[in-house]
Amino acid sequence: MTSAPAAKLTLPDAQTVTAVTHWTDSLFSFRVSRPASLRFRSGEFVMIGLMGDNGKPLLRAYSIASPSWDEELEFYSIKVPDGPLTSKLQHIKVGDEIILRPKPVGTLVHDALLPGKRMWFLATGTGLAPFASLMRDPETYEKYEQVIMMHTCRTVAELEYGRRLVESLADDPLIGEMVAGKLLYYPTTTREEFHHMGRVTDNLSSGKVFADLGLPPMDPATDRAMVCGSLAFNVDVKAILEGFGLREGANSEPLEYVVEKAFVGDGV
Ligand code: FAD
Ligand code: A2P
């Protein structure tokens, strides 16, 4: 495990930033050291943040974007212009410290679903983050014959983090062979010309995604789904999944689909 020397740490639950990548004016990703004791299930989230001006920790929920086997932790973040946390977090550099409360939780986990043949990951914007973890987890490919990643953003640039990640999987020594032929990536834009366009909801309702990928419509006997986006997105997708006969599950009662909010509020 990579962790910073104890003497350097000044914050409670401090972890050291090891990499930062800016994808657009409003999106960046970063990696931090992982507490040796932190165990989590791919798809879960933790509270992370910085020390506020008032001397109290300023924390927000963040999905862990790295898989559970990774020695470091990765996060994929929005930059909200006046956001209390991200207006500062967007300026972190390698060697800086962030606060990370090591208590992972969440519903986007394999345990919350009944066994199935086909897994649908449905996301908008930074809602990709939990699936960046799950797409890199061998368990995903051991449990399912096919995995479909539908990700929709307004522009092509906003898809880039996910595109690079999916592209890198083929060369991954751990899961490269497992992913080949099993992972179907279906990125779309809604406000810029791209080879595939349209909202996740529209492409499911019209049947376009099934036709494009050569798949049958969703069936509760075979299909499972995990959903992560804005509240409006989650509500609309849930209605479509229920229309196919899928029921919402939870850690305590595994069923056919699970949902998590990518953020609270109306979006930036
Ligand atoms: P806030 O005061 O928290 O937010 C201000 C406003 O910005 C919100 O009301 C909303 O309208 C908008 N907003 C906030 N976050 C987003 C977002 N991600 N996308 C679009 N609009 C947003 N954020 C991430 O960037 N990456 C994650 O992996 C992530 N995982 C989360 C998991 C859960 C379970 C929840 C509940 C939230 C998650 N968030 C994630 C949102 C995150 O907790 C913060 O809201 C975000 O970092 C902005 O913090 P802030 O203090 O700058 O602004
Ligand atoms: P659209 O451009 O048609 O609004 P945002 O940047 O507002 O968070 O949205 C991210 C992506 O999610 C956009 O492509 C947006 O499409 C899409 N989107 C927003 N709301 C919904 C919804 N209720 N159902 C499906 N897709 C949505």
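1. Two strands pair if DSSP finds at least two bridges between them; strands (E, at least two residues) and helices (H or I, at least four) are DSSP runs numbered from the N terminus. In this predicted model, strand E1 (residues 14-24) and strand E6 (residues 97-105) run antiparallel and are joined by three bridges. One residue pair can be looked up directly: Thr-16 has Glu-97 in E6 as its bridge partner.

2. Residues are numbered from 1 along each chain as written, with chains lettered from A and ligands numbered from 1 in written order. Local features need pLDDT of at least 70 and side-chain atom pairs 80 or more, while totals for chains, interfaces and linings use all residues; side-chain values use heavy atoms, without hydrogens and water.

3. The pair E1 and E6 belongs to an open sheet of six strands, in which the pairing is antiparallel and the order is E4-E3-E6-E1-E2-E5. E4 and E5 are its edge strands, and each of them pairs on one side only. From one strand to the next, the twist of this sheet averages 35° (axes are lines fitted to C-alpha atoms, and angles run from 0 to 180 degrees between N-to-C directions).

4. A nitrogen atom of ligand 1 lies 3.0 Å from a backbone N or O atom of Ala-262. For Val-264, a backbone N or O atom is 3.1 Å from an oxygen atom of the ligand. At Pro-84, a polar backbone atom is 3.5 Å from an oxygen atom of ligand 1. On its own, ligand 1 has 870 Å² of accessible area, of which the protein covers 84% (Shrake-Rupley, 1.4 Å probe).

5. The model has another open sheet, made of five strands with parallel pairing in the order E9-E8-E7-E10-E11. Strand E9 (183-189) and strand E11 (257-261) stand at its edges with a single partner strand each, so one side of each has no neighbour in the sheet. The twist here averages 10° from one strand to the next.

6. Ala-123 has Cys-228 in E10 as its bridge partner.

7. Ligand 2 has its own set of surrounding residues, including Thr-124, Thr-152, Thr-190, Arg-191, Thr-201, Ala-232, Phe-233 and Asp-236. The side chain of Arg-154 has an N or O atom 2.9 Å from an oxygen atom of ligand 2. For Arg-199, a side-chain N or O atom is likewise 2.9 Å from an oxygen atom of ligand 2. Cys-153 takes part through its backbone, where an N or O atom lies 3.4 Å from an oxygen atom of the ligand.

8. How much of ligand 2 does the protein bury? Taken alone, ligand 2 exposes 550 Å², and the protein buries 80% of that. Strand E8 (146-153) and helix H8 (231-243) are the elements that give two or more residues to the shell. H8 has the largest share, with three residues.

Note on methods: Polar contact = N/O pair within 3.5 Å; in protein donor to acceptor, adjacent residues only side chain to side chain. Near = heavy atom within 4 Å.
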